[in-house]
Amino acid sequence: MRFFEDIEIGRRRDVGSFTFTADGIKKFAAQFDPQAFHLDEEAGRKSLFGGLAASGWHVGSVCMKLLVADGQRLIKEALARGEKIAVWGPSPGFRELRWIKPVLADDTISYASEVESLRSSEKRPEWGVVQVRNTGTNQRGELVFSVLATAFVPRRNAGP
Amino acid sequence: MMLSFEDFPPGHFGTFGPRRVTREEILGFAAEFDPQPMHLDEEAASRSMLNGLSGSGWHLCSIMMRMMFDGFIGRTASLGSPGVNELRWLAPLRPGDDLTLDIEVAEARVSRSRPETGIVTFKGLVRNAAGVALCEMVTPIIVQRRADIATGQAG
């Protein structure tokens, strides 16, 4: 993972893709979002979604899953080069989350992340604040998901 | 009787919960969706900015969704949500937390593009048993209007 000083606005990374199976959609929905259109094909077809649709929270959680996996790949590569590792801090939240189109059973969503803004943290001088636009695009090239997320990123010379 | 658009006038709507969150749930969600050390490993978590094992923010969002479902969405003529305007993680979710959810209707308006539906913007606030706010969310949900549930025109 990069330090604050190494992050550039506009930098975009593909973070991987994920296929939402009917079983996976129903399993997540049964636990967290048991609305009929997330649990049952017939109810999904009759809904505004037009088919069994993944919970929006499932779509967002999978984005997190792929971002974490991508970050862990970057850490491994940096370690292999003998570089100092930046451990990112927690996120204070997000804005402008949009479920633009439904994610239906068997859709494959490719996620990407692009840096939108950088600023210093007033309260925590050893951290910077990064805003990234995370997006999901389906196998037809349609944007289905977008969120503007915020994270704390360590500065390179912040001490120990 | 399903709740419809007309049942959501602006103002406080209700308080839901409590909902206990276990360590096993926190570890299970983190292993599948957010395997960062601060959500999985007690030792690493104690050295993180959050000072101890905490649940994934996306886990807290998903639990919030479930609390909304159990509280009222499950008996609401909901057609889904276009997104979340703003979500703030204010304090860490800890193993054993008992969560309550306060729901306020921030705005309710009839949809211009689909006048048989309305858009209800909810403001949700999750607190732990000590009353500390953990997460605040503003999200619009599309809800059928009453006349259209009766005649079955929509959905």
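Visitor: Which way do β5(B) and strand β6 (residues 133-144) of chain B run, and how many bridges join them?

Guide: Two strands count as paired if DSSP finds at least two bridges between them. Here, β5(B) and β6(B) run antiparallel and are joined by eleven bridges. To find one of these on screen, look for B:V126, whose bridge partner in β6(B) is B:C135. One caution before we go on: this is a predicted model, where local features need pLDDT of at least 70 and side-chain atom pairs count only at pLDDT 80 or more, while totals for chains, interfaces and linings use all residues. As for labels, residues are numbered from 1 along each chain as its sequence is written, and chains are lettered from A and ligands numbered from 1 in the order in which they are written.

Visitor: And what sits between β5(B) and β6(B)?

Guide: A hairpin turn, with five residues between the strands. Check B:G131 in that turn, which has a positive phi of about 85°.

Visitor: What does β5(B) pair with on the β4(B) side, and over how many bridges?

Guide: Strand β4 (residues 98-110) of chain B and strand β5 (residues 117-127) of chain B run antiparallel, with ten bridges joining them. B:E107 has B:T121 of β5(B) as its bridge partner. A hairpin links β4(B) to β5(B) too, through six residues. A handy general idea: in a regular strand the side chains alternate between the two faces of the sheet.

Visitor: Where do the two chains meet, and how many residues does each give?

Guide: Contact means that two residues have their C-beta atoms, placed from the backbone, within 7 Å. By that rule, chain B gives 27 residues and chain A gives 25. On the chain B side, the elements giving two or more residues are α4 (57-71), β2 (78-80) and β3 (83-89). α4(B) gives the most, with seven residues.

Visitor: How do the residues on that side of chain B divide by type?

Guide: Into 15 nonpolar, eight polar and four charged. The sorting works like this: Ala, Val, Leu, Ile, Met, Phe, Trp, Tyr, Cys and Pro are nonpolar, Asp, Glu, Lys and Arg are charged, and the others, Gly among them, are polar.

Visitor: At what angle do helix α4 (residues 56-80) of chain A and α4(B) cross?

Guide: Axes are lines fitted to C-alpha atoms, for helices over the stretch in contact, and angles run from 0 to 180 degrees between N-to-C directions. These two axes come within 10 Å and cross at roughly 170°.

Notes. Helices (H or I, at least four residues) and strands (E, at least two) are DSSP runs, numbered from the N terminus.
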